[in-house]
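Subject: Structure for you to look at

Dear colleague,

Here is the structure I said I would pass on. Please open it next to the sequence while you read the notes below.

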Amino acid sequence: MPEPRLIDGRDLAPPEPLELALAELATLAPGEELVLLLRCEPLPLYSILERNGYGYRATLRPDGTNEVRIQKV
Amino acid sequence: MQPTLSFEQAPPISVPYRFFLTAPLFGAVAGLVLAVLGPDTFQSRWSPGALAMTHLIVVDFMLQAMCGSLLQFVAVVAGANIWRPRLVAAVVHPLITAGAIFLASAFLLEQQVLFLVAAAVFVSALGLFLTVMAIALLRTPARGMSIHVLRVAVFGLLVTLALGATLALTLGLEEHLQTDWSLLALINVHVAWGLGGWALMLVIGVSYLVVPMFQLTPSYPVWLTRLLPAGLFLVLCLWSLQLFAPDAAAQAWQSGVALAGVLLAGGYAVATLMLQSRRRRRQPDPTLLFWRAAMLSLLVFALSWIAFEALPHLGANLRAPLWLGVLLIPGLFLSVITGMLYKIMPFLNWLHLQQQGGTVTTSPNMKQMIPEGTMRGQMRLHFAALVLLLAAVLWPALALPAGLAFTASCLWLEWNLIGAARVYRRYRDSIRASLKK
C-alpha cells in the first residue's frame, strides 16, 4: 500500500486547497489515497468527487480539523 | 470548524454578475458629477451635487453590488432557495439602475416629479427583492449568527426604503402633502438605517464568515458577534424615536444614542483589525488590504465623530458631515465591496467552470482570473482617490482632481471585473467545445 498523498489546506484560503486536491487527483493511481486536511467542510469538492467517480470519507479530528480521505472508485 | 459553503443552491453566474458589472459604472458617473460641478458640490451635504453623488454611489454602486452579492451569498451560505433568481435579477437589476438615475437627476435638476418616479421604481424593485430575500432567509434551515445578522440587514433595507419613499413623496408633493414628521428627522433616520441598519449590518454579517475563511484569521469572539447586531439594532430603534418626539426633547438624548452606535461601529473596526493582525498567512492580498483600509476608515470615522461632539465649533462646520460621509461611503463600504468583488468573481468563475465539467488542465486557477498586479494598481488608485476626496472636503478647490481620480478608479475596477467575466466566458466555451468532441 503506497503512502497516502497529503495536502494540508488548513492555512490556505479557499479554493486553493481544492485546486491542489484536483491537481493531485488527476494523477492519483487506483488504490492510492489522497488525504486533505481542512478547517471547513468542502461541500463543492464533495460534489466534484461524486461527479468524477471518486470515493471519500470525512472525519472530524478533536482539534476541529476535517480530514478527508479520497480514493478512485 | 468554520461555517461551510454549499454550492448546490448557487444561482446561475449571470445573476450576480449583471449587478457586479453595473456597479462601478455609476461610481464613475458620481466622480464625474463632482468633477463637473466642482467646489460647490462640497459646500455642504445639502448641495444638489453632493446629494446626487451620494445616491449614485449608495444606490447604484453599493446597492447593486450588495443585492448581487446577497443573492449569491444567501444561496451559498444559508443554502436557501431563492425564488426564480434569474427572473428576480432580470427585474430588480434594471429597475434599481433606472431608479438611481431618476433619483440623481431629481436632485441635480430639482424636478419634483422625478422624485415620485424614483420612489415608484424603487418600491417596485426592492419590494420584489425584499420579499424574495425575506422568504429565503426565513425558510432556510441554516443557523448561525451570520444568518441572523443578514435577516436584520434585510429588515434595515426595508426601513430605509420606506423612509426613502416617504422622503421622495414629501419632496415630490411639497405643496400637497402635509406630514407631522420633520424633514430633518426623516433624513436622519433614513440615513442611519441605510448606512447602519442595512450596509454596515450586511458587512458585519458577511465578515463573520469571510474574514476568518478568506483572510485566515481566528473567528470573531462569540460575545461580540451577538453584541454588535443587537446593540446596533437597539441604537437604530432609539434613534428612530426622534420621528415621534418634539425637536427640543429629542435633542437631549439623540447625541448619546448616536455616540453609542458610533462606539459599536468603532469597536467592530478595532476587533476586525486585531483579528487581521493574527492571521495565519503573512502575505497580504488585495482583499485583505481593502478590508484593512475599510476598517481604518471606519475607525477614523468613529474618532472624527467623537471629535466633532467634543469640539462643537468643528462639528458645526457644514463640511463636517461630508468628511464623515467620505470616510464611511467610499472609505468603508466601497473598499469592502471592491475587496470582496476581487475575491468573489474569481471564486465564482472557478466554481462554475468546475461545475461545467472543467478539469485542472482546462480551468485556470484563481490567480489567473484577475491578475494580482492590476488589482493592486486599482487599489492604489482607489486609496489615492479616497485621500483626494477627503482633501477636497477640506479644500473644495480639489474637487476636480478628486472627482477624476474617483472616476478613474471606478473605471479601472470595471475593467478588471470585465476581464474576469471574459476569462470565464473563454474557458466556459472551450470546456463546452471539448465536451462535444
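The notes below cover confidence, then the fold of chain A, then its strands.

Confidence. This is a predicted model. The predictor assigns the complex a pTM of 0.91 and an ipTM of 0.73. Chain B has a mean pLDDT of 91, with 94% of its residues at 70 or more. Residues 1–5 of chain B stay under 50 in pLDDT, although the model has 20 contacts for them beyond four places in sequence. Where pLDDT is low, the predicted coordinates should not be read in detail.

Fold of chain A. Two helices and four strands make up its secondary structure, in the order β-α-β-α-β-β from the N terminus. The radius of gyration is 11 Å, close to the 11 Å that the globule rule gives for 73 residues, so chain A is as compact as a globular protein of that length. Its C-alpha atoms fill a box of roughly 30 × 25 × 15 Å along the principal axes, and 30% of the 73 residues count as buried.

Strands of chain A. Strand β2(A), residues 33–38, pairs with two others. It runs parallel to β1(A) (residues 5–8), joined by four bridges, and D8(A) stands opposite L37(A). With helix α1(A) (residues 16–25), these two strands form a right-handed β-α-β unit. β2(A) also runs antiparallel to β4(A) (residues 66–72), through six bridges; there V68(A) is the bridge partner of L36(A). On β2(A), L34(A), L36(A) and L38(A) form the covered face, while E33(A), V35(A) and L37(A) form the uncovered one.

Regards

Note on methods
Residues are numbered from 1 along each chain as its sequence is written. Chains are lettered from A and ligands numbered from 1 in the order in which they are written. This is a predicted model: local features need pLDDT of at least 70, side-chain atom pairs count only at pLDDT 80 or more; totals for chains, interfaces and linings use all residues. pLDDT is the predictor's confidence in each residue, from 0 to 100. Two residues are in contact if their C-beta atoms, placed from the backbone, lie within 7 Å. A residue is buried if 20 or more other C-beta atoms lie within 10 Å of its own, exposed if 12 or fewer, and partly exposed in between; C-beta atoms are placed from the backbone. Two strands pair if DSSP finds at least two bridges between them. A crossover is right-handed if, with the strands pointing away from the viewer, the path from the first strand over the helix to the second runs clockwise. The radius of gyration is taken over C-alpha atoms; the globule rule is 2.2 Å times the number of residues to the power 0.38.
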